[in-house]
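Subject: Structure for your review

Hello,

Here is the structure I said I would pass on. Please look through it first; my notes follow.

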Amino acid sequence: MLTKAKNLNRNGRSLLIVFLHMFLVILMTGVFFSCQKKEEVKLLKIGLPEEPKSLNLWLGTDSNSRKILSLIYQSLYTRDPKTLEMIPWLAKEEPVFDKEKLTYTVKLRQAKWSDGSEFTSEDVLFTKKFFFDFKIPRYYSKWKIIKKLEAIDEHTIVFHLQAPSAIFLSRVLTAPMVSKKEWGQIAVEAMNAEKPLKFLQDHSIENPLGTGPFTLFEYKKGAYLHMKKNSHFFGTGKTIANHLLGPYVDSILFKIYGTSDVAILALKKGDIDMYWWDIQPGYLEDLKKDPNIEVFLNKKSALYYMGFNVRKPPFDDKALRQSIATIIDKDFILTRILQNYGTPMYSIVPSGNVFWHNPNVRRYGEGLTPEDHIKEAYKILKDAGYTWETEPVDDNGDIVEGKGLKLPSGKVMDKFVILTPPADYDPKRAFAGVMIQEWMRKIGMPVSARPMSFNSLLDTVKGKREFDAFILGYGKLNLDPDYLRPFFHSGYNKPRGWNMSGYTNPVYDKLANEQKGIVESKERKKVIWEMQQILMEDVPYIPLYNPHILEAVSTKNFKGWIEKVNGIGSIWSLCVVKPKN
Amino acid sequence: MGTRKFIFKKIIEITIIFFVILTLLFFLFRLSPGSPISKMVDPGLTLEDQVLLIEQLGLDRPAFEQYIIYLKNFFTGNLGSSFHYGEAVSSIIMAKLPWTILLFSLSTILAAYAGIVLGKISAWNKGSALDNFLSISALICHTLFIPWFALLLLWVLGFKLGWFPLGGVLSPEIWITGSSIPLKILDVLHHMFLPLMTLFFIHLGSYLLLMRSSMLGVFKEDYIITARAKGLSEKVIRNKHAAKNAALPVLTSVGLSLAFSINGGALTEQVFTWPGIGRELIFAVSNNDYPLAQACFLLIAAVVLVANLIVDLLYAYMDPRITY
């Protein structure tokens, strides 16, 4: 044994020594760094799940780029974080609407760009020209309602509209304002390029010029993004939406974490003060035990739903869709799949959107026992002329396994598929699909849930439109309910159009067009409520659930986060969050 | 066949294979479901917006026309610009590649060196407690589940003991205060330690086992008996005669590992938030960022092909019996 031990030759020993030395040197480096790190008290550290894809406003449409850009580029109006009403932001006061002339007069604040130059009417004119010249996606389609834009003076601007527009304030005047200084020259070059928009999007922006509370100081790709307080921010020292705005931090450091596991560890360790991302409920118990962590739970403006292809049988039959809406046990989905972190949905407009949400729609299956879900669904089908080889409810009223469901025409129902995203993309939607499959089978429907990669799923449903049913969702719906129009108006029933179900209803189309032009909110609300009622009667989509957004912060150094729909991560929080001492 | 002729023939072969791969990649991506804009699930993006974006990306043209444009650009050194970043693909790759090469090459070389030395010791002491310990440890290393092991290291050494940072390549707090260059280098090394250890242990197992079995095979060779008969010392027989020959399969494995390190252990990069090619590749594929994904795959293909050629040539150098 002794001889064998001696066989650890010089190579082996030297290898061990080299490794030991390496370990010690690096370990000492760590200790040295821990002593070196002098914490700047007013440096707020935020974790992000991914790197922002681009700081070019016209390309950075992913959620992480939006987070950064939302602190730089500002709009004329924004939403009050509490009431969700539109309030002046870069604008000084409410717009003045002239019904006769179809004009909105907007007075601008005395604001400055981050380089110290004045923000004036010229910049609004430039922004409009920019949207029109390049047909900027997402903005041009809304701004084209503007017939003419007129600058009365340096701080007054008049928007002349083609027609009355309900979404003018919420969707048009919330577009980001850009400066001629930053984009003027690029725009000239882009206009001469073969593909102007692509040229614009591919332009690298090193130092975005905005009017927001923070400016970009340094961006080291793959490592961090450092923003500093904008000393020219118009909101500093002003009370807007009942908040005295700062910023009260000198700078923000954005760090990237590849997985939520590591980001949560970093939060607990104090490496970051906030993780700007929706945390999975699985982490909650652990986080709640930590005295230095505060967890925030807020409603989301989201819609997770099941859709049908109503263009073809059997889902062109309203009764069948109503029956499926009844058989779905939303309470089960809430308790078992969402672990109670969410709300069941009964209308297309989320309940958190209090003003527009219609609570009086037909609420399928609400409050029913599991047996009653089946009985009710069975009754709807039976009344509509459906028959079975073995009925799911026997003569004694007991539930048995239904078999051989036949359509009113007498034809046996063909097998069909519910497409869902895969579990690794979204376990909630995938599991909801499996549960819905089981409930539908109980009533004799030959259905299977099939997970499909997200890209393929969208391509099948939106592009090819060859499907029976699907489960999808929108994680961040705009608070203005105008989306009810593209989702269900027959004009959007085209390949790649937003009316994925292929729903067609002339009465609904008329209302959808009508609401678009109603400027008076209360009037418009009546129409929006009626639209929700029609949708829940015809059920082209079955709204399923709206998960809560869970966020966590470290309470060691900062306080004052603002809770709102869609969570604490917003420009409002970053304008008011303060160092603890 | 002379070596020069062999190299020339190999280069022709490699070029043909490379262009077959290039063509296949191009069409495979275009045949895959979805389009680069399909993931923009934003009701604010109207049908007209989608058409405009597709047109600006050049995806409205027939696939064959796109292919010709791609080939033309390829020969002028233009790999296109990423749909998502809007930057030239080549500059994205050049920014990510050094991080991947640094981490993976270093871990592969360290693991190969340690694997050869320990494998040699293990085989020489076959059946002993030391051999058992090394073999079992190697098997454990070889079968480790990377994300689990990486998270375990992060949990213990990074979180509980606080010795190492929780991912990333540097501490922004140190960099934004304008620290000196040596301090910055030490900071990067400090960040590299845990991912390096993860990859080192994962690779070590396979190299050790490979070297051990190769050594055991070599022991039975006639030239080892001859060396003993000549009265050479055990050390010389082991190091000069046995180990040198037994290391050949390990060398092949290292060559290919180095090549595949370009795509990086995407999982390791993900857990440690290491900004390398592996993470980028996965992102590009899942978001249908064709130019970036194609370029990443092409890079891997090119490196694998060239590495194969180098390994072939090294064989001839290491083993004089092999000639071309």
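I start with the domains of chain A. The assignment for chain A gives domain 1 (45-54 + 212-299 + 549-579), domain 2 (73-187) and domain 3 (303-547); domain bounds come from an automatic or database domain assignment. The model is predicted: local features need pLDDT of at least 70, side-chain atom pairs count only at pLDDT 80 or more, and totals for chains, interfaces and linings use all residues. Residues are numbered from 1 along each chain as its sequence is written, while chains are lettered from A and ligands numbered from 1 in the order in which they are written.

Confidence

The predictor gives the complex an ipTM of 0.82 and a pTM of 0.86. Chain B has a mean pLDDT of 85, with 95% of its residues at 70 or more; pLDDT is the predictor's confidence in each residue, from 0 to 100. Where pLDDT is low, the predicted coordinates should not be read in detail.

Chain A overall

The C-alpha atoms of chain A fill a box of roughly 100 × 80 × 50 Å along the principal axes. Chain A has 19 helices and 25 strands; helices (H or I, at least four residues) and strands (E, at least two) are DSSP runs, numbered from the N terminus. Of its 581 residues, 45% count as buried. Buried stands for 20 or more other C-beta atoms within 10 Å of a residue's own, exposed for 12 or fewer, and partly exposed for the range in between, with C-beta atoms placed from the backbone. Among contacts in chain A between residues at least 6 apart in sequence, 66% join residues at least 24 apart. Two residues are in contact if their C-beta atoms, placed from the backbone, lie within 7 Å.

The centres of domain 1 and domain 2 of chain A, taken over C-alpha atoms, are separated by 28 Å. At their boundary, 12 residues of domain 1 of chain A are in contact with 13 residues of domain 2 of chain A. The domain 1 side divides into 6 nonpolar, 5 polar and 1 charged. In these classes, Ala, Val, Leu, Ile, Met, Phe, Trp, Tyr, Cys and Pro count as nonpolar, Asp, Glu, Lys and Arg as charged, and the others, Gly among them, as polar.

Sheets in chain A

An open sheet of 7 strands in chain A has the order β10-β11-β14-β1-β15-β23-β16, with mixed pairing. Its edge strands, β10 and β16 (293-298) of chain A, each pair on one side only. Two strands pair if DSSP finds at least two bridges between them. Within this sheet, β1 (residues 43-48) and β15 (residues 274-275) of chain A run parallel and are joined by 2 bridges, and A:Ile46 has A:Met274 of β15(A) as its bridge partner. Helix α9(A) lies across β1, β15, β16 and β23 (549-554) of chain A, at about 160° to β1(A). Axes are lines fitted to C-alpha atoms, for helices over the stretch in contact, and angles run from 0 to 180 degrees between N-to-C directions.

Strand β5 (residues 103-107) of chain A has A:Tyr104 and A:Val106 on its covered face, and A:Thr103, A:Thr105 and A:Lys107 on the uncovered one. β4 (residues 96-98) of chain A runs antiparallel to β5(A), with 3 bridges joining them; A:Phe97 has A:Tyr104 as its bridge partner. The hairpin of β4(A) and β5(A) has 4 residues between the strands, and A:Leu102 takes a positive phi near 55° there. β5(A) also pairs in the antiparallel sense with β9 (residues 156-161) of chain A, over 5 bridges, where A:Val106 stands opposite A:Ile157.

Chain B

The assignment for chain B gives domain 1 (14-75) and domain 2 (96-318). Their C-alpha centres lie 36 Å apart. Of domain 1 of chain B, 13 residues are in contact with 12 residues of domain 2 of chain B; that domain 1 side has 9 nonpolar, 3 polar and 1 charged residues.

In helix α12 (residues 277-286) of chain B, the buried residues are B:Ile277, B:Gly278, B:Arg279, B:Glu280, B:Leu281 and B:Ala284. Their cover includes α4 (89-124), α11 (266-271) and α13 (290-318) of chain B. Just after α12(B), B:Asn288 takes a positive phi of about 55°.

Interface

Between the chains, 60 residues of chain A are in contact with 62 residues of chain B. On the chain A side, α2(A) gives the most, with 9 residues. The residues of that side divide into 22 nonpolar, 20 polar and 18 charged.

Regards
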